Structures are given as structure tokens and as C-alpha cells.
Amino acid sequence: MAQEQTRERWGSRIGVILAVAGSAVGLGNFLRFPGNAAQNGGGAFMLPYFISLLVLGIPLCWAEWTMGRYGGLRGFNSAPGIFSVLWRNRASKYFATLALLIPLVIYMYYVLIEAWCLGYALKYLTGDLMMGRDPDAYGNYLNNYVGADADGALFSGSNPSFLLILVVAFVLNFTLIYRGVTKGIEMFCRVAMPLMALLAIIVLVRVLTLGAPIDPDQNVVTGLGFMWNPRSDRLWDPQTWLAASGQIFFSLSVGFGVIINYASYLSEKDDVVLSGLTSSSMNEFFEVCLGGLITLPAAFIFLGPQVANFTGSSFAVGFVALPNVFASMPGGQIFGFLWFFMLFIAAITSSVSMLQPVIAFFEEGFGLKRHASVTILGLIVAMGCGFVAYFSKGTVALDTMDFWVGTFFIFILGLFQAIMYGWVLGIERGETEAHRGANVRIPRFVQYVLKYVTPLYLGIIAVLFAINNLPSKDSEVAKLPSSAHAMLAEGPIGSTLVDVMKNNEINFPAAGTIVDQGAGAWHVLGENGSLLYKIKDETLYQHSAGQIEKVLSNPVAVSSMLFVFVVLGFLMVMVHIAGRRWEAEGRLSYGPESPTN
Amino acid sequence: MDPASYAPTPAGWTIMVVSITMVIALVSYCTVRVLTLPPVEMDDIKGPLEIDTRDTQDAD
């Protein structure tokens, strides 16, 4: 009996940590991190990465755990309630709407990616994905599988198995949520996290013992060099610091609204400091030790230096480059299955955590029982998921939501939470709250970091991120010889322009057209009418569309943003009603907090 | 580019080994500390995932 009690207690403590770590560990650990590192200086990326972990990641995690527990001890588990007791102002709960919107909207597209992983795992079991070494074949397969060629492709009957898999993933998530936090999330994470680690280690061992099956120089050692060799000049590039900070920020799930909800269930005798540090370190283990050793070294062994073509996109690394690897690898079919099944587990431990903050809000905001809150939430996310699944062409809807909600809004919420901890709760009270029941102490200087450095650092990153991504940019590629300019002025495209582009390693776009803009300016448009190059003042500029232009130039992207704002509006109304209800019940009061609280 | 040119440099090895060692040391320290903490009184256990939110009591 005594043993049973001890095991039960320890299981609960580690269960909490595994659930938070499960929320943080996702596809980004295995696909985004290696690509990000390789693109931004290799080993040199790790210096800003670890600095960001120490200055931004772990302190913000502690802040979220502390604020979540603080709100929970005062009777609230949802972000609007927690924010209201932290900042005793009527406006605070409306800011918390972001902490509901972010996990809700991310879930709407994340469950699709989750279904891709499960679908790919099953395709490996049946052998359908063993198509030999041909990046184009896997690229086309992915496009077809996700319906990237046309809107509504997934509903046209061409890929019925995917819709079935999507429904399975959806039902699995909601079954876990419906079973409740103990019998659902905790029970699942206790099994899923060790299983995920086991599967990743099996794949890692296979990668490290692959040898050099293609070329003696393409082996695991040179693969590790591709990933880890530092390009020190990149340390001086702000883009490297931005990428490293973003990786830490997104990887640890800070600013998602999940940790603050999970921590709200802790008692004052529970340890938030060690639990927060442990869940963060588990996330780092999956990211640096497994993601950093598996993905790119494996791809390098089979694809060589051309793997660099895939590092710019997580999807390209995971769903195009790695299937090439598995196709060439002895036992690749089973390892392909293990890999994608592991990604599916990583995805589901994250997606299930995205539902809990909204469930908690529906329940405490409106007194709903679990079946009612799960039903309402299910209807909302089914509509959103259906929207993303239908508007699948070029994954525009998914990309739009991922950028604005899954990236940009997270910066805003993270910044708001950092200010809330450092300046509203205050570092003195924050330190006291964090150390209730703590078994390890947070060094004192971290409180000052949280008050001054973290908000400033996060603010700078957010501004740089916005400057880099929101506006469109035209970068000069080449000066055009006057002959090319003259030919353009005469009408049809001259071969001189094509030659100039070739000399600058640019292929004139297939089915591209040149449109005269008047006043000696021309636009080179791609197949789908998108602006690729500008010619002005006898100079060729490459056009990079910013996120604002991407939204405004595409009706699906506009619709996606409208959808997000409709959901935001709906949640704000819900938060308003819940706030009135809490006020009527006497659960909320405004103004300075009494010293006894 | 020649694949052989990607052979790990001493700096590459160092960064990889130091990064992985640091992370493994941190996760090991934390996990051992968590697993060796004294048991909490039964009444005190209210981990986030243990809380009975009472919302499934009459769920059908």
C-alpha cells in the first residue's frame, strides 16, 4: 500500500512535467531546429541559441508557471481569470483572449499536420512511400497528399484515406480531452513521452550506424559536420540571433497560453521551479540531442550537400528529404514508419494541450460540464480545421494562420506576459510566489533579467521580426545592359534579359510573363501571376513578398485572416460575458490587491 | 560542393559535444532531483493533471 502511494505520488509529479514537456516537444524539435541551425551558421547558431534559452526561454517558463499557479490558487484556471487576478483591471481579461485564440487556432491547422504524420506512417507500413531516391517524386506526393494543387482537393474524393486519418486524429484528441486531465492527458503523456524518446533513440542509433552507403565522403561524420561546423561570420548577422531566439521561444511553448493553464492546477506546496526547469530541459533533450543528431546527418548521408536545398522548410526536410533517405536505407520501410509515428506522437502530445486552455475557460466561464464544453469546442475547431483543409492550395490558409497566429501573436502574448510578471506582479512578489514549495531556488539575478532584459530582448526580437517579415522587399540582382532595356521597351522579351538572369544564376520563371508598368519599369510575373522580379532604371530587382502583401494579394489569405478575427471577436465576447459572470459572483474585484491576498 | 569538405572541424566537434553534454547534464540533474524528492503528503498532491475538475462526473 505504502509502495503504491509512493509510486502514485511520484507518478503525478513526473506526469505533470511530462505533460508540459509533451506540449513543448513537437515537430519543431525534429524538423525546424536542425534546418534553422544549418541555415544560420551551424554550430555558431548554438551560442545565440543557448543565450536565448537562458535569457528568454527558461525565465519566461518560470514566469508562466508562477503566474499560472498564482491564478490557480485564487480560483482560476483559464487565462482570462488568471490575468484578471494578476492585473486587477477590467481590461486585463481581454488581453488574455490571445491566450485562448493562439492554442485554438494553432490546433485547427496543427491537427492536419498531425494527420499527415500518421498518414505517412501508415503509408510506410503498406510500402506505398518506398518510391526510390527522387526528391521530385516525394515533393509531388506531398503536394497531392496535402491537396496543395487546388482548393478543395482533399474533398474531391482523390484522397479519401487522408480525410479518414484526419477524423481519426481529431477523434483521438477529443477522446483524450473528454476523459479529463488525469485519465486523458496525463495517462497518455506518461506513455507517449517515453515511447517517443525510445522511437527517436532507435532511429538515432540507425542513423549513426549507417556508414557511407552512397559515397565514402557522404557519411555520418560529414553529416554531423554539415550540421555542427560553425560559420563564425554568421554570429555577427542579426538574422542568426533572430532565428535562434525564435527557435527557443516557439520550441518551449512560452506565449502559447498552455503552461499558464497547466500550472494553474498546482497547489502552493508544489514545486514550479524544478518542474519548469525539468520540462524545459526535456524539450532541449529532444531538440538538441535527438533532433540535432538525426535529421540532417541522415539526410546528408543520402542526399549530400544538396540537402541544403531542403533546410529552409520544415515540411521539405520532414516530408521530402527524409523519405528519400528511408527509400535508400536498409530497413528503410520500418524506420520510415517509426520516424513518422514518432512525429505523430510528438504532434498529438502538443495538440491535445492546445485544447485544454479553452476547455478550462468554457467550464469556469460558463459553468459548463465537460461534455458540453467538449462539444462546443469540437464544433468550433471542426469548422476551422475544415476551413484549412478545404483551402489547401499552396497551403495558403495554413501558412497564413501559422504566421499571424502561430508566430506573430505569440510574440505579442509572450511580451505581454513578460511585462505582466516583471512589472505588474512584480519581481519581489514573483520571487516569493515562485519559491512556494520550491526544491531549488531561482538565482536572484534571474528576477532582474525577467524585469528588464527579457521584455527588452523580446521586444527587440519582435520589432526585428516584424521588420524582416511584414513589408515586401526588393533586392538588387543585376544591372541590365542597355540592349536588354531597349529590347524590353520594344515589346517582346529579349534573350538578353534571360542571359542576364542566367549569369546571375536565376532562371527565367517557367510560364513567366513581363508586364510593362510604364515609365521604363517592368514586372516579371510567375505562373500564378505573383510578382517575382522588378525592372526599373535598368536594374533587375528580386521581389520578396512580405506577409502583408501575401495576405492582401490572395483572397484565401484574406479569408483566413477574416476567419481568425471572427474567432477572436467571438472569444472576446465570451470573455466579456464570463467576466460579467465572475463579477456578479464576487470572484473578481478591481483596484489594488489587499496585502492579505 | 565536395561532401568531404564538410568533415567536422575541431570547433564543430567541440560545439556538438559541449552542447549535447550540457543538455544531457541538465536533463539528468533535473530528472534525478524530481525523482528523488521526498514524497508529498497525500493531501498536498494537486498536480495539474491530477486535478479532478469535477466536470466529467455526469458526463455520459
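Two residues count as being in contact here if their C-beta atoms, placed from the backbone, lie within 7 Å. Keep that cut-off in mind as we walk through this predicted model.

Let's start where two helices of chain A meet. By that cut-off, A:Leu27, A:Asn29 and A:Phe30 in H2(A) touch A:Leu343, A:Ala346 and A:Ala347 in H15(A). Sorted by class, the contact of H2(A) with H15(A) has 5 nonpolar residues, 1 polar residue and no charged ones. As for geometry, two packed helices are described by the angle between their axes and the distance between the axes. For H2 (residues 27–39) and H15 (residues 332–366) of chain A, the axes come within 8 Å and cross at roughly 110 degrees.

Next up is H13 of chain A, which covers residues 273–303. Going from first C-alpha to last, the 31 residues of H13(A) reach 43 Å, close to the 45 Å expected at 1.5 Å a residue. Look along H13(A) and you'll find a bend of about 45 degrees at A:Gly291. How much of H13(A) is covered? H13(A) is mostly covered, with 31 of its 31 residues buried.

Finally, hop over to A:Met574, which sits in helix H22 (residues 555–584) of chain A. Why does A:Met574 count as partly exposed? Because it has 19 C-beta neighbours inside 10 Å, and a residue needs 20 or more to be buried. A:Met574 also pairs up with a residue from elsewhere in the sequence: A:Tyr94 is 480 residues apart from A:Met574 in sequence, yet the two are 9.9 Å apart in space, C-alpha to C-alpha.

Technical notes:
Residues are numbered from 1 along each chain as its sequence is written. Chains are lettered from A and ligands numbered from 1 in the order in which they are written. This is a predicted model: local features need pLDDT of at least 70, side-chain atom pairs count only at pLDDT 80 or more; totals for chains, interfaces and linings use all residues. Helices (H or I, at least four residues) and strands (E, at least two) are DSSP runs, numbered from the N terminus. The expected span of a helix is 1.5 Å times one less than its number of residues. The bend at a residue is the angle between axes fitted to the seven residues ending there and the seven starting there. A residue is buried if 20 or more other C-beta atoms lie within 10 Å of its own, exposed if 12 or fewer, and partly exposed in between; C-beta atoms are placed from the backbone. Axes are lines fitted to C-alpha atoms, for helices over the stretch in contact, and angles run from 0 to 180 degrees between N-to-C directions. Ala, Val, Leu, Ile, Met, Phe, Trp, Tyr, Cys and Pro count as nonpolar, Asp, Glu, Lys and Arg as charged, and the others, Gly among them, as polar.
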